Amino acid sequence: MKILRLGKDSRQALAELLAKRSPSQYGAYADTVNEIVENVRRNGDAALFAYTERFDGCRVDQGNVLVTEAEIAEAYEKVDQELLSVIRKALVNIRAFHEKQRRYSWFDSSEEGVFLGQKLTPLNRVGVYVPGGKAVYPSSVLMNIVPAKAAGVGEIVMTTPPGKDGSLNPAVLAAAKEAGADRIFKAGGAQAVAALAFGTESIPRV
């Protein structure tokens with residue numbers, strides 16, 4: 001183990017950094033987020049598309065918000081093959097782990113006629129949000145989709161913010177396809193989470 005000694009200036013800088021990340025600071029954004037969520041709940045696609053243009057600089061509509069098979073195929077052509085190999089290896093490991101966590105329904109009865117049991121029913125549809133922007137998170141794709149698949153979820157809907165040209169990162173798209181996402185939408189931020197929660201004309205409620 002390596003121990004690092006912090007000087008006075010370093011301790012002060014660290015304290016300021018931690019304070020910036022304090023949950024007490026989140027209240028400064030609550031009103032803005034609540035406004036976005038309520039607008040998407042009331043106005044659906046119209047609000048979702050307006051926020052996507054405002055925050056991501058990308059114009060999406062009902063004709064292009066859903067990622068097509070052609071876009072996924074193009075992503076496979078662009079993604080680094082070594083990275084794709086790593087994604088596939090990680091997927092196998094993550095799936096093996098979560099399949100061991102899976103629980104099953106069981107039923108039993110006693111001689112006295114008491115009937116006991118537990119019925120486990122996977123959710124019909126879940127939403128997966130994958131951050132975007134400057135960083136790329138194919139790991140977030142795998143760590144969210146694979147457990148849902150292992151649990152037996154019927155449909156997995158993923159949202160992730162698009163670039164200004166309307167494209168999505170090839171590694172993220174490839175990871176989503178490998179993991180088993182059923183539908184992928186170009187939407188990010190609080191507006192995407194609200195769309196998943198309430199449903200819009202384009203994005204189904206999860």
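In which kind of crossing, left-handed or right-handed, does α5 pass α7? I found that α5 passes α7 in a right-handed crossing, the near helix being turned clockwise from the far one by less than a right angle.

I noted that this is a predicted model, in which local features need pLDDT of at least 70 and side-chain atom pairs count only at pLDDT 80 or more, while totals for chains, interfaces and linings use all residues. Residues are numbered from 1 along each chain as its sequence is written, and side-chain values use heavy atoms, with hydrogens and water left out.

I then looked up the packing of helix α5 (residues 81-101) and helix α7 (residues 170-179), whose axes are 10 Å apart at an angle of about 35 degrees; helices here are DSSP runs (H or I, at least four residues), and axes are lines fitted to C-alpha atoms over the stretch in contact, with angles from 0 to 180 degrees between N-to-C directions. On the α5 side the contact (heavy atoms within 4.5 Å) includes Leu-83 and Arg-88, and on the α7 side Ala-171 and Glu-178 are among the residues.

Last, I checked salt bridges (a side-chain nitrogen of Lys or Arg within 4 Å of a carboxyl oxygen of Asp or Glu) and counted nine. In one of them Arg-42 pairs with Glu-38, the closest N and O atoms being 3.6 Å apart, and both residues lie in helix α2 (residues 27-43), four residues apart, about one turn of the helix.

Conventions:
Helix = DSSP H or I, 4+ residues; strand = E, 2+ residues; numbered from the N terminus.
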